[in-house]
Amino acid sequence: MADFLTKDKRTHYCGNLDISMASQEVILMGWAHRRRDHGGVIFVDLRDREGIVQVVFNPDAGEDVHGEAHKIRSEFVLAVKGKVRKRPEGMDNPALKTGEIEVIVSELEIMNESKTPPFSFDDEEISENVRLKYRYLDLRRPAIQRNLFLRSRLAAATRRYFEENGFIEVETPFLGKSTPEGARDYLVPSRISKGMFYALPQSPQIFKQLLMVSGFDRYYQIVKCFRDEDLRADRQPEFTQIDVEMSFITEEDIMNMMEGLMKAIFKACLDKDIVLPLPRLTYADAISRYGKDNPDVRFGMEIVDLTAIVKDSGFKLFTEVAASGGVIKAIKAEQASALSRKDLDGLKDFVAIYGAKGLAWAKVNAADWTSPIFKFLKPEEVTGIAKALNAKEGDIIFFVADTPRVVSDSLGNLRLNLGKKLNLIDPDALAFTWITEFPLMEYSETEKRFMSTHHPFTSPFLEDLPLMTTDPGKVRAKAYDLVLNGSEIGGGSIRIHNKEVQSQVFSALKLSNEEARLKFGFLLDALEYGAPPHGGLAFGLDRLTMIMTGAESIRDVIAFPKTQKAACLMTDAPSKVSIEQLMELSLKIVS
RNA sequence: GGGGUCGUAGUUAAGUUGGUUAUAACGCCGGCCUGUCACGCCGGAGGGCGUGGGUUCAAGUCCCAUCGGCCCCGCCA
């Protein structure tokens, strides 16, 4: 009699068995994926993390084993001992990786029974609230397990790369100080200091800079970050960064090092070869050509500025927009006869999301255009537009006239929408782009002041420093984002290591000396004790994993994710706490 | 804060212009079956339509509110 677990240990994973093990005795442990009970012979598909193998219970194996096998139901936990054998002639199952073989069971132990699971583990689409409530069962699905396995390999390859390149992993605190600027903080009340709060880090930004001041020279960390903002398909309130910082370097050094990381990761995880160096695009070019700072460059359909051509147009709307400082731009969908009149009208609603008040379109014919605005345009405008866009018969042109911001947003997103709709995107392509020369700060209408584009410690281009007081919006930052297939997977900058420059930036951000002192005093102090030139970058591990696995939601690459309301349907977090807990913290719920 | 969409047996879905006891498939339970692999065959149980109001002779079907899932805008240095 086998003594599973203690003496008769597992010898193989189900999914790893193959024909070379024929006639070997094996011990397997796993879950009953499916059973086919023929009354006589009983087949069970036994599943573990590596895959599925068919195990066979023959009546002539003995009454004990066969009798026990009749009790097996979905998801029972089984241990079996038996012989691998090539399946009888014509009984192969090509759909199964192990379909050439099967295991003839001589001993069986039902290690645990299972309630009937609430859903099946086939490819069927189960609504997400059910999946998330029973996440531990959802995670049994091979598709999700594959994602988490890849995520683990990604983290391992990252650590290997940084260790090989002389980086040191240092842990930084989760209980930190709330800082202004940036995302909303998750707060943690202090019991010992009543009425005071820690904040969970939005990133270890300041700590990694301080580690450079300390002289560690090269730091990395795979670390959780927390931001209390609304969720999206690619955004969770807690997410993981690959965080990096280096001393005595320029942008070039950082970008080179990170390109090496990308190459190493994609080789290790997907066996794909990335060609270096990666292409670059300035922020200004990205916005003007693609309307976004995270352009998907897997396809063309670039935005073309028509303002100069139509500023004196017969079409009044164009003239008015141009006169009031707006712009008129267009994109061209090549040979887009697939788009019906109804589609075109629907797109008007689509750009409205981004603030566009209208969307003009024109179907290019041999001699003229089919377009609501054709009759308003002068002949030379029509030819000018056609030439600027290189438009041919069968193409459709889309125009938006509005403020530069609205035009970029709406055409940038319309471009993406059409790219998907017209199947212009190669799903296997890996299109990396560095975005460089970000503006250091942008004016916020809501805050009525300039705000950091990146963060307040980002170094400006030193030659732009004179603009800091005269035209702050024009100052370029030594910041860079890495974009992959239209998704921002990382971003970073050279930091300010000089107290003077840091003060100038704070003052441009309307952060008074006292405030800056209060919020970042320790950093300002540190900058006065021999801070080396330094800079770094952080990657979004979750988003990288999404792209590598083809996951459509960030929830599919996180073991226990939160819903759009930032709740965990399995544990029921967040939840109320007892009055005693609140009193201990001197907290009172006011609404 | 706002826009959109969905919520009907365990699961996935159908449910006409409001009209008898709310359908189907899979799953589940029982029986039969020694080569299946989405096993097959026979039989059976299971929901009152997210929740709460309202309109109506009559409400999954219409109206209002509310809860929850998803997508998006704002937000995310």
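Me: Helices (H or I, at least four residues) and strands (E, at least two) are DSSP runs, numbered from the N terminus. Which such elements each supply at least two residues of the surface near RNA strand B?

Reply: Strand S1 (25–37) and helix H2 (128–133) each do. The model is predicted, so local features need pLDDT of at least 70 and side-chain atom pairs pLDDT 80 or more, while totals for chains, interfaces and linings use all residues. Residues are numbered from 1 along each chain as its sequence is written, chains are lettered from A and ligands numbered from 1 in the order in which they are written, and side-chain values use heavy atoms, without hydrogens and water.

Me: What makes up the surface near RNA strand B, by class?

Reply: The surface has 14 nonpolar, 19 polar and 18 charged residues. Ala, Val, Leu, Ile, Met, Phe, Trp, Tyr, Cys and Pro count as nonpolar, Asp, Glu, Lys and Arg as charged, and the others, Gly among them, as polar. On the RNA side, 55% of the atoms within 4 Å of the protein belong to sugar or phosphate, and the rest to bases.

Me: Why is His534 called buried?

Reply: Buried means under 20% relative accessible area, exposed over 50%, and partly exposed in between (1.4 Å probe, protein chains only). His534 has 1%, so it is buried. This residue is found in strand S22, and its side chain joins that of Gln209 in a polar contact of 3.2 Å. Contact means heavy atoms within 4.5 Å; not counting residues up to four places away in sequence, His534 touches residues including Met212, Glu245, Ile494 and His497.

Me: What makes the pair of Trp434 and Tyr480 edge-to-face?

Reply: The structure as a whole holds 18 aromatic pairs. The ring centres of Trp434 and Tyr480 are 6.1 Å apart and the planes stand at 85 degrees, hence the edge-to-face label. Rings of Phe, Tyr and Trp (its six-membered ring) pair if their centres lie within 6.5 Å; planes under 30 degrees apart count as stacked, over 60 as edge-to-face and the rest as tilted. Trp434 lies in strand S17 (residues 432–436) and Tyr480 in strand S20 (residues 479–484), so the pair ties together parts 46 residues apart in sequence. Both Trp434 and Tyr480 are buried.

Me: Why is the pair of Phe506 and Phe520 called stacked?

Reply: The two planes are 10 degrees apart, with 5.6 Å from centre to centre, and this angle falls under the 30 degrees required. Phe506 belongs to helix H14 (residues 499–508) and Phe520 to helix H15 (residues 513–527), 14 residues apart. Phe506 counts as buried at 3% relative accessibility, and Phe520 is buried at 2%.

Me: How do you know that Arg415 sits over the ring of Phe299?

Reply: Arg415 lies over the face of Phe299, at 4.0 Å from the ring centre. A charge sits over a ring if NZ of Lys or CZ of Arg is within 6 Å of the ring centre and within 35 degrees of the ring normal. Arg476 lies likewise over the face of Phe461, at 4.3 Å.

Me: Why is Glu437 called partly exposed?

Reply: Its relative accessible area is 30%, so Glu437 is partly exposed. Glu437 is placed in the loop between S17 and strand S18 (441–444), and has a positive phi, near 55 degrees, without being glycine. Most residues other than glycine have a negative phi. Leu5, in the segment before S1, also has a positive phi, of about 80 degrees, but counts as exposed at 52% relative accessibility.

Conventions: Near = heavy atom within 4 Å. Polar contact = N/O pair within 3.5 Å; in protein donor to acceptor, adjacent residues only side chain to side chain.
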